[in-house]
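Subject: Structure handover

Dear colleague,

Here is the structure I said I would pass on. Please look it over before reading the notes below it.

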Amino acid sequence: MPEEGAEGTTAGPSSGDAAPRTSVSKSHKMSAKRVPSRIEQSVDAGGDDIDSWLKAKTVLKPEDQLELTDVELKEEHPRVLVQGNPQTPLNVVEFSYKERSYVTIPAPPPLQLLYELQGIALNMYSDEAQGVRQSIMEDIAVEEEEEEEEEEEGEGEMLPEGEGEEGEAEEDEEEEEGDEGQREGDDDEGEEEIQKPKKITNMFNFCERPAQTFIRFKRAMETQTLPASRLPLGDQVTQYIIYDSYEKDFAAKEEEKERERLAKERAVPTGLATAAEAPVLLHKKEKKITDFEIISKKMVNSAKTLERMVNQNIFDGVSQDYRNYEDPADDLREKEGTLLPLWKFSYEKTFKSHTVTDICWNPKYYDLFAVTYGSFEFMKGAPDGAVCLYTLKNPSYPDYICMVDYVVLCIDIHPQHPHLFVIGKSDGNVAVYNVLLATSEPQFKSNSVKYKHGGIVWQVKWAADWPDGEMVFYSISDDGFIFQWVITSMGMTESKVMPIDLDIPPCPGPEGTSVRLKGCGRTMCFHPTDPLICLIGTEEGFIHKCNITYASNYLFTYAAHRLPVYKINFNKFNSDIFISCSAGWGIKMWEDCRDEPLFVFDLRSPVEDVEWAPYSSTVFGAATSDGRVHIFDVNVDKYNPICSQQVVSKKRNKLTKLAFNSYLPFIVVGDIRGVILSLKLSPNCRKKVKPPKKGPQLTNTELEVNKLTTILSHVREDKQLVPPPDRERAEEEEEEARHHG
């Protein structure tokens, strides 16, 4: 066996085998010097018999372990920490204009600045400290010279008169005699003064001398005075007092505006020689401004034309679809149609922050429509409103913009004067705007205190002009009244046409009086042939037929819906047929003076808007709050829509308004994010009646009327005739009753 304590020894399977020698580290050598166990002692004593059953001791090591000699194992490898920064840039060069080449600059020192404080102490042996000391010495010398001069002047003033004259003579002689000697000695004295400076105390050799003073304590001083006199003051505030105060404040503001306007008109420009020259210069100034305005208008018109050309090139594909594309799938499905998305209209200041509250097409320009922006959530702090006019020729930006200080909820364009439109606001006011004017202010507006609605104006409608040329429009509000507004040359006046009373008995009031409850108006629609007949929709779900000239009673009342009526619209071909929608998920088609509706359509979602198509007597469209547009044609299907298409996202968006174009086969819809979508109707959604081959030739209007009449004849229920009472039989029954009685 190998000797005890040998380095790297292993036991073989038998005593005769030589154990291989391996190199181990120092730690292995230390572990080898241990006390032999009992088994090893028995091996030494027993001999070869025990080696036969002992297990071989092997050292486990990886195959690729490096084998080192004892000298290599004992070799020490020192590691030295240096102050070099490994991130310091090396071989830094800069361009030298003197040598006209790049020169190597020394590397920055291995110094990391952690804290730096600039002090005021200087080393007394430094050049800077010597310069400061020299300047202080010069200042002191100058001050001493000034003090000596002041002392000499003071002594001369204190001498008597005679002595002063003699002294002056003697001084003059001495000065003359000593001028020459003084000139020679000036240089030597100056050098001695510089060589022997005055001793200056060390500025840094000082000691603190604190002193303790007496602390004065605060004393509480009290005094007694008479209490201030108090008087009980009380007043009664009623609705009338508040109204009068608002009216006075409004009148004061109007007077102040009128004074400012008159002051501006009477003002004379500054810098004029006489007041007589003012009209001449003002006329010249107005002429210059007028010329500038004419030039600017021409530039604006040219820019608009160029912008439209650019947009038509950008949206050329959409324009081609708008004019020429027809869905070929309609040939394969007779009772189904589709909607093709075209342009999107939006304004940057109203996008995502405002809701589209109303849409109205211009009656003269078929490619121009008006949009009002606001909000229907009045409890969350509604934003300001806006009115924009869009054209199909420029879908990227509105042609006319008008920002309003309140939410705008409705709009209507005058049928004879397309440049005039009227809006209704959430504060109860109405305003008339003229697009031809350069300003964005309303041409006519209601008085914001006295002459206005007491609630939100939900709808405004232009009426036929009066014979003398005065324009008239009506407004309906949730305060329970319908107002008539007349525009004259003197301004705009209002009058209450009729109250919207509920069709229920009056309620008992105070002191034995009776109060008739008023309803909340929501929508209105005038008869297309009789301008005096009007249909009124209320938030209670009723539809009232009334005459504007006789407003005491309703002509007829329809128990239409259970929730607020959002829209009423007459058929374009038959004025006895109208349609209504409500928040109660339903659309109902009515005939004049019939209690029951002709058709009822359930769309399973609140219907925000509904409108008859201008090209067909049996087609109408509806927009629901779940983001879908429904197109119905009762001539094709009396129960289901021929097109029901998802236009906007159901979760994040919903539709609010819908409007048919009067000349082109497409519609526009608005949503709560301030975006207006234009959709083209496929051929199946706008089918027209084919004229008969035989018989008299009828116009398109007559064909549409006949088509609608034929459909309604199948759903109308004939009125049951009640026989008149038999008077003779009634008299006989009364006589028999008296006889038996």
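In which element of the protein is confidence lowest, and in which is it highest? The lowest mean, 40, belongs to helix α1 (residues 26-32), and the highest, 95, to strand β27 (residues 619-624). Confidence here is pLDDT, the predictor's own score for each residue on a scale from 0 to 100. Helices (H or I, at least four residues) and strands (E, at least two) are DSSP runs, numbered from the N terminus.

Some ground rules come next. This is a predicted model, in which local features need pLDDT of at least 70 and side-chain atom pairs count only at pLDDT 80 or more, while totals for chains, interfaces and linings use all residues. Residues are numbered from 1 along each chain as its sequence is written, and side-chain values use heavy atoms, with hydrogens and water left out.

Confidence and overall make-up

The protein has a mean pLDDT of 79, with 78% of its residues at 70 or more.

The protein contains eleven helices and 32 strands. Of its 741 residues, 31% are buried, where buried means under 20% relative accessible area, exposed over 50%, and partly exposed in between (1.4 Å probe, protein chains only). Among contacts with a separation of 6 or more, 47% join residues 24 or more positions apart.

A residue in β4

Ile-359 sits in strand β4 (residues 355-361). Its relative accessible area is 10%, so Ile-359 is buried. Beyond its neighbours within four places in sequence, Ile-359 is in contact with several residues, including Phe-369, Val-371, Lys-657, Ala-659 and Ile-676. Lys-657 is 298 residues away from Ile-359 along the chain, yet their C-alpha atoms are separated by 6.7 Å.

Cavity

There is one cavity of 30 Å³ or more. A cavity is a set of points, on a 1 Å grid over the protein atoms alone, where a 1.4 Å probe fits but cannot get out; lining residues have an atom within 4 Å of a point. The largest cavity holds about 40 Å³ of space, a volume being the space filled by probe spheres set on the points, which are joined across faces, edges and corners. His-527, Ile-533, Leu-535, Lys-545, Phe-570, Phe-578 and Asp-592 line the largest cavity.

Cysteines

The whole structure has zero disulfides (pairs of cysteine sulfur atoms within 2.5 Å). Cys-525 is in no disulfide, and the nearest cysteine sulfur, that of Cys-534, is 7.5 Å away. Cys-525 counts as buried because its relative accessibility is 9%. Cys-410 is buried too, at 1%.

Backbone angles

Most residues other than glycine have a negative phi. Which way does phi go at Asn-91, positive or negative? Asn-91 has a positive phi of about 55 degrees, and its place is in the loop between α4 (70-74) and β1 (93-96). With 70% relative accessibility, Asn-91 counts as exposed. Trp-585 also has a positive phi, of about 70 degrees. Trp-585 is in the loop between β23 (577-582) and β24 (586-591) and, at 42% relative accessibility, counts as partly exposed.

Regards

Conventions: 1 Å grid on protein atoms, 1.4 Å probe; cavity = no way out; pocket = protein on both sides within 12 Å on 5 of 7 lines; lining within 4 Å. Contact = heavy atoms within 4.5 Å.
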